[in-house]
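Trainee: Could we go through this model together, beginning with the overall fold and then moving to the packing?

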Amino acid sequence: MESRANGNGSHRSMRSKLNAIRSRAQRVENDEGGQLLDAGNSDNSRVKFFAYRLVMLSTSSSVIELSFAIEAVNAIPTLLQLGVPIEFAAYVWSIGPLLGFIIQPYLGYQSDTCTCSWGRRRPFMIIYFLFMSIGLGLAAFSTNIDYIIDPKNRKICIVFAYIGFSLLDFFRNSLEVSSRAYLMDATADQFHQLANSIFTIMAANGGILCYAINGYYELFNYPNKIHAIYSIKF
């Protein structure tokens, strides 16, 4: 009985400690010091500021989705151009989710219990962005790195391309999760659904922009190589 009481006491102390950490991080991240919009004080200026704040907090999703569209358009063609067999090129899409399944829960726990003066999410978002940029650089300049190290060994170029796309995929997903969590932390509970909707719309805009730019480039630079993949007859 005494050991059970000690266990319950330690559990309660741990829960109170986590609650204190969350409340402190909430005060840091929500620089409004409370709800963004009071139910009884919904004048036009406050509503406009509230909408502007939600859009600005969701802008990161556009950049994240833009990077995903870049990866989706260029990953497989780049690997095939480097000489990777087509049956092995698609494995690049399985590395990121596998790493996320193993590592992401631990990173999420560390973010939830973070006591940094910047808040719970900001340090992790900065780290994720830096590693995502490194992955994008490795994927984009893998051929140049190969020429510097060993121009005759094509395998080095392929390894750097796989590492780059895997880092880009994993840390892009991690950054999107942290950005959405930051938006939820900085928004009152009754506006979570609205904030999620705006976040999704901004992400879709980023993907549309990237695919439109790529399609415009392909259409006007390689007009003879554009052909239909599927045809539908009515």
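This is a predicted model: local features need pLDDT of at least 70, side-chain atom pairs count only at pLDDT 80 or more; totals for chains, interfaces and linings use all residues.

Mentor: Residues are numbered from 1 along each chain as its sequence is written, and side-chain values use heavy atoms, with hydrogens and water left out.

Trainee: How many helices and how many strands are there in the protein chain?

Mentor: Helices here are DSSP runs of H or I with at least four residues, strands are runs of E with at least two, and both are numbered from the N terminus. Read along the sequence, the pattern is α-α-α-α-α-α-α-α. The count for the protein chain is therefore 8 helices and 0 strands.

Trainee: What percentage of the 234 residues counts as buried?

Mentor: Buried means under 20% relative accessible area, exposed means over 50%, and partly exposed lies in between, with a 1.4 Å probe and protein chains only. By that cut-off, the buried part of the 234 residues is 34%.

Trainee: Why do the buried residues of α6 line one face of the helix?

Mentor: In α6 (residues 142-149), the buried residues are Ser142, Ile145 and Asp146. Seen down the axis, these buried residues line one face because the directions from the helix axis to their C-beta atoms fall within an arc of 105°. What covers the buried residues of α6 includes α5 (122-140) and α7 (154-185). The value that places them on one face is the arc of 105°.

Trainee: At what angle do α6 and α7 pack?

Mentor: Axes are lines fitted to C-alpha atoms, for helices over the stretch in contact, and angles run from 0 to 180 degrees between N-to-C directions. Angles under 35 degrees count as roughly parallel, over 145 as roughly antiparallel, 65 to 115 as roughly perpendicular and the rest as oblique, which makes α6 oblique to α7. Their axes are 8 Å apart, and the angle is about 140°.

Trainee: How far apart are the axes of α4 and α7?

Mentor: Contact means heavy atoms within 4.5 Å, and residues of α4 including Trp93, Leu99 and Ile103 belong to a set that meets residues of α7, among them Phe165, Phe170 and Val177. Helix α4 (residues 92-112) packs on α7 at an angle of about 45°, and the two are therefore oblique to each other. The distance between their axes is 9 Å.

Trainee: Is Leu66 buried or partly exposed?

Mentor: Leu66 is found in helix α2 and touches Gly206 and Cys210, not counting residues up to four places away in sequence. Leu66 and Ala203 are 137 residues apart in sequence, yet 8.0 Å apart in space, C-alpha to C-alpha. At 27% relative accessibility, Leu66 counts as partly exposed.
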